[in-house]
Amino acid sequence: MSVGPYNYSYIFKYIIIGDMGVGKSCLLHQFTEKKFMSDCPHTIGVEFGTRIIEVSGQKIKLQIWDTAGQERFRAVTRSYYRGAAGALMVYDITRRSTYNHLSSWLTDTRNLTNPSTVIFLIGNKCDLNAARDVTYEEAKQFADENGLMFVEASAKSGENVEEAFLETAKKIYQSIQDGRLDLNAAESGVQHKPSQPGGRNTLVNDQTASKDSCSC
Amino acid sequence: MSMPPLPVTSNSQELGDSGQSNVLGKRLNKIFETRLDTDKETLEALKELSTFFTENSIQSRRNLRSKIEKRSLAINEEFLSAFTKVKDALDTVYNDVVSIDSEVRGMSMHLQATRAQTYQLIEHTTQLQAQRKKLSMEQEVASAFLERYQLSPAELTVLHGSTRDSPITPVFFTALQRAQTIHSDCRVLMQSGFQTVALDIMEQMSLHQEAALERLYRWTQSHCRSVESTETAALLTEAMSCLQDRPVLFKYVLDEYGSCRRAALVRAFIDALTKGGGTLKPIEMHANDPKRYVGDMLAWLHQVIPSEKESLNTLMSLCSKIDVSDHIQQILASITEGVCHPLKVRVDRILSTDATTTILYSVASLLGYYHQIFSQVVPESMLLGTLAEVRILAQNRFLSALQGRVKQHLADRLDTPPPDLSPSTSVSALMSLLKEVLSVAGVADGRPEDITKMVGVVLDPLLQAVNLSAARLPTTDMAVYLLNCLYQMQTTLSLYGFMDNRLERLQAQSDAQLDTLTSEQASSLVANLNLGPIYTILQETSRGPLANVPGMDAASLKHFLVKLDGFLALPDILLLPQISLLLSTIHRNNVKQRAFEVICTVYKQLFAAVHDPVNGYQNPSSLISRTPEQVQELLLGNGS
């Protein structure tokens, strides 16, 4: 039996959110390209990136939507929370204001996503420890209180970047295993690639039946 | 036991002739030495003798010879009869042998004849055998050839399908590949000189391939919708790779795939709109929030496209001979065609409701943003066209809403300018409306032409109205009022980009009003200082000494200079009251300065004329003490 054309079994949809300039796009770039982008332009609306990872022997394709932090794009970015399986919420450890806005980001996330959406808090720029404005303990406490996963990372050095994306995927995968995440539900943020029992396949079958009879 | 004397006697007699005594003695010795018990023959003879010589009598001794002869005869007779029997037997044997011999001879003859007869047969057989060998060799070659250059019945079945609907299996591709291999192997055959057969086989293989591809095409066309099941997907991918050589079939399959996905996408879109998923609310729940509603719909579509593209990439992942990117773009465009209608209907509906100007503006801007996004993702698609269409619609709706509001403002409240000549409320109202809209700015960096258009929609009628109402005022009031209005517009617009053109025009209008105002102010100053006649006289070319001209005599000049002194002490006192109503200090200073400059210039001329001896003034320095520089310093020094 030949190996199927898909070299992965699932697609997980992620969204990256947080204030302007906290390094969302850099985190994505570091994760997908393993490189640091030193002069990253402001994101316009949303950008898109993918990478295939492996969790418990399963190949998983991450579809990552990187949103603009600028307020004027909120109207656009808010629409992308819908059906995200994982949300990476980023702040900048050297700028307290970006940390202070977390609760508003969290509220948005909770309001606009599924309850099963895994929210991962990332304190970015941990390479700039000297300029630190938010302590690890404080952020950790905030994460614990809100049931978020948390790590301090650096898009520049690459520290913990991989971990944040992978841990999120593991948690999502676990939710699937535990049955907390229903793959057949539309917009769960997860697509199961090989032979979906329900889902999109079922949409296809009857519609084209009429066309078949006249196919030449 | 007694010895028969006879032989002894005879012996002695025989020997007696030669060497009597010796021979005799020898004989006797011999006899004596004869040891009867060891001489077996003698013993036997004696033993035999004892059987019939039972009685040692003379008679019997006499008879002995005959008796023995008799016995000998009997024995010989017995021999004879016995040998007769043997002879008979031998005769029989002899006869048998003779007959056998003749038989054998006959057989041999027969054999000879047979051999002669079968020689040909054998020869024939040998020939046949050789032929057989050759034939079997040929058969082997032929079957090897067939195996190499023909498809096996099993392969043929697989290729042509046992029934019309028999499924495609991985074996099919192996068989198809073999047909291809055979086809290309025929080249070798052709090079080795077997043109006819090679061409035949090539044609045959082409036919098989055609038929097989036809079948594969039918199968693919009806199964292409199952690209998401792994097994089918693997086969489909391979099928597409086979079909890439047949552009027409390939295209048909892709079209079919596109229409399947199109239907699926519409269904999924409608579901997301009306049903939602899990705990997610349906998108239409937010229909009352146009911005969010439109944004959610477009974001949903935007997020669906990567997966569709991915599936297409997978489907064509083995098509290495053609450039698939064009196909992918085309099919993506076709897939997204279906959602155009539901999308357009909804956006149209939103736009036809009484949304506020700012909402219309942000919707238009959102549509502009997504138009740009989709122009990268699905260029040259109907979806993009639809977006462009609704975007223009939104833009127009927005502009007409804006026009409506502008009209409303202007109709209601632009009657007469207020007494303080400040911009009428409608100017501020429309400016704040413009500000409000511009600050929505929104997601897409608005296109300059859109913004210019929008500003025009507000400003053009406003300017017209302002000009109309200003026309009823006296010149000075009009200029001040217009300047104030223009000033407010300028300050508002200068905060935003793409306004240079418009600001320039406003500036030109302001400048014209400033000129008007300056000349008004200057004339008023001239009039108040009674400088008019002096100025006129100064300009006259043919005149005598000025001191003699009426109005320019020393007394008149003194009168003027007193007035001027008063003015120089408090220059603002002679300013037109309207000047203080100018909102912009720059305008105010500008007018003042330029008007004062006029006075300075005239004064300078006067000063020069008075000091000119030709004009005959006595003691000019005491008459006109201030130098033009001092006057300038007093009037403009602080002001500038």
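Here are some notes on this predicted model, point by point.

1. Let's start with the overall layout of chain B. Chain B is split into domain 1, covering 62-149, and domain 2, covering 518-636. If you take the centres of these two domains over their C-alpha atoms, they sit 177 Å apart.

2. Now pick out one residue, Glu78(B). You'll find Glu78(B) in helix α4 of chain B, which runs over residues 58-149. Is Glu78(B) buried or exposed? Glu78(B) has a relative accessible area of 56%, and exposed means over 50%, so Glu78(B) counts as exposed.

3. With a relative accessible area of 40%, Val86(B) is partly exposed.

4. Next, the salt bridges. How many salt bridges are there over all chains? The count comes to 33. The next points go through a few of them.

5. Arg105(B) is exposed, at 53% relative accessible area, while Asp101(B) is partly exposed, at 36%.

6. Over in chain A, the side chains of Lys170(A) and Glu167(A) also meet in a salt bridge, with 3.4 Å from N to O. How far apart are these two in helix α6 of chain A? Helix α6 spans residues 161-177, and Lys170(A) and Glu167(A) are 3 residues apart in it, so about one helical turn separates them. Lys170(A) is partly exposed, with a relative accessible area of 41%, and Glu167(A) is partly exposed too, with 31%.

7. Back in chain B, have a look at Lys321(B) and Asp245(B), whose side chains make a salt bridge of 3.1 Å, N to O. This pair links distant parts of the chain, 76 residues apart: Lys321(B) is in the loop between α10 (290-315) and α11 (324-335), and Asp245(B) is in the loop between α8 (230-243) and α9 (247-274). Lys321(B) counts as exposed, at 59% relative accessibility. Asp245(B), with a relative accessible area of 39%, is partly exposed.

8. Salt bridges can also be joined into a network here. In chain A, the linked residues are Glu71(A), Arg74(A), Arg78(A) and Asp108(A).

9. Finally, check out helix α15 of chain B, residues 425-440. This helix has 16 residues, and from its first C-alpha to its last it reaches 23 Å, close to the 22 Å expected at 1.5 Å a residue. Which residues of α15(B) are buried? They are Ser426(B), Val427(B), Ala429(B), Leu430(B), Met431(B), Leu433(B), Leu434(B), Val437(B) and Leu438(B).

Notes
Residues numbered from 1 in each chain as written. Chains lettered and ligands numbered in written order. Predicted model: local features only at pLDDT ≥ 70, side-chain atom pairs only at ≥ 80, totals over all residues. Heavy atoms only, no water. Domains from an automatic or database assignment. Helix = DSSP H or I, 4+ residues; strand = E, 2+ residues; numbered from the N terminus. Buried < 20%, exposed > 50% of the residue type's maximum accessible area, 1.4 Å probe, protein only. Salt bridge = Lys/Arg side-chain N within 4 Å of Asp/Glu carboxyl O. Expected span 1.5 Å × (residues − 1).
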